[in-house]
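Dear colleague,

Here is the structure I promised to hand over. Please look through it first; my notes follow below.

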Amino acid sequence: MKKICCPFTSWIMAQAQGLGRRYIKAFFKGFFVAVPVTVTFLDRVACVARVEGASMQPSLNPGERQVSDVVLLNHWSIRNYEVQRGDIVSLVSPKNPEQKIIKRVIALEGDIVKTIGYKNKYVKIPHGHIWVEGDHHGHSFDSNAFGPVSLGKMKY
């Protein structure tokens with residue numbers, strides 16, 4: 001069987017090939033711009049972290065759900081040590097330096113905090129430190145176990 005080719009079909013095929021090339025070229029241009037911008041954003045501004053376990057219940061991971069909550073961690077403030085009471089921060093675990101823990105800031109340097117089960121009933125937070133606790137006091141490895149945390153232990 002002989003193939004019939006008309007000028008219009010040839011023109012459409014040429015346009016489709018040109019469109020495909022332009023699409024691929026635009027995709028790669030966008031890719032090479034988007035990747036560095038995304039990496040810089042995640043490194044310098046903010047990142048997403050998954051919260052597992054019961055230590056932050058009922059605020060995060062409420063109930064007996066199997067699904068983990070997700071938080072947006074502000075690297076910008078942490079990099080400048082600008083934390084406030086009530087902020088949720090990510091820290092290097094004092095028990096396992098390979099692990100990160102997520103806790104709430106309860107007290108800042110200079111504050112006096114009443115502890116729950118720590119060696120001293122009251123602790124004055126030293127310069128350059130914070131006091132962190134999980135929201136679920138009975139199920140949290142926090143400052144009540146390891147004391148004030150150096151601001152340098154905050155993980156961004």
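**Aromatic pairs**

There are two aromatic pairs in this predicted model, counting rings of Phe, Tyr and Trp (its six-membered ring) whose centres lie within 6.5 Å. Planes under 30 degrees apart count as stacked, over 60 as edge-to-face, and the rest as tilted. Tyr118 and Trp131 form an edge-to-face pair. Their centres are 5.5 Å apart, with 85° between the planes. The pair joins distant parts of the chain, 13 residues apart. Tyr118 sits in the loop between strand 5 (112-114) and strand 6 (122-124), and Trp131 in strand 7 (residues 129-133). Tyr118 is buried at 17% relative accessible area; Trp131 is buried at 0%. Buried means under 20% relative accessible area, exposed over 50%, and partly exposed in between (1.4 Å probe, protein chains only).

**Ground rules**

The model is predicted, so local features need pLDDT of at least 70 and side-chain atom pairs pLDDT 80 or more, while totals for chains, interfaces and linings use all residues. Residues are numbered from 1 along each chain as its sequence is written, and side-chain values use heavy atoms, without hydrogens or water.

**Overall layout**

The chain has three helices and eight strands. Both are DSSP runs numbered from the N terminus: helices are H or I with at least four residues, strands are E with at least two. Along the sequence the pattern reads α-β-β-α-β-β-β-β-β-α-β. Of the 156 residues, 31% count as buried. Take the contacts (heavy atoms within 4.5 Å) with a separation of 6 or more: residues 24 or more positions apart account for 48% of them.

Lys103 lies in strand 4 (residues 100-108). What is the nearest side chain of opposite charge to Lys103? It is Asp142, 5.8 Å away. For charge, Lys and Arg count as positive and Asp and Glu as negative; His and the chain ends are not counted. The side chain of Lys103 does reach the backbone oxygen of Phe141, at 3.5 Å. Lys95 lies over the face of Phe141, 4.7 Å from the ring centre. A charge sits over a ring if NZ of Lys or CZ of Arg is within 6 Å of the ring centre and within 35 degrees of the ring normal.

**Asp111**

Asp111 is in the loop between strand 4 and strand 5. Asp111 is buried, at 18% relative accessible area. A polar atom of its side chain lies 2.9 Å from the backbone nitrogen of Leu108. Leaving out residues up to four places away in sequence, Asp111 touches Arg85, Val123, Lys124 and Ile125.

**After strand 8**

Leu151 lies in the segment after strand 8, and Gly152 in the segment after strand 8 (149-150). Buried or exposed? Leu151 is buried at 14% relative accessible area, whereas Gly152 is exposed at 56%. Leu151 contacts Tyr81, Val83, Gly128, His129 and Ile130, leaving aside neighbours within four places in sequence. The C-alpha atoms of Leu151 and Val83 are 9.2 Å apart, across 68 residues of chain. For Gly152 and Val92, 60 residues apart along the chain, the C-alpha separation is 9.2 Å.

Best wishes

Note on methods. A salt bridge is a side-chain nitrogen of Lys or Arg within 4 Å of a carboxyl oxygen of Asp or Glu. A polar contact is a pair of N or O atoms within 3.5 Å; within protein, one must be able to donate a hydrogen and the other to accept it, and residues adjacent in sequence count only if both atoms are side-chain atoms.
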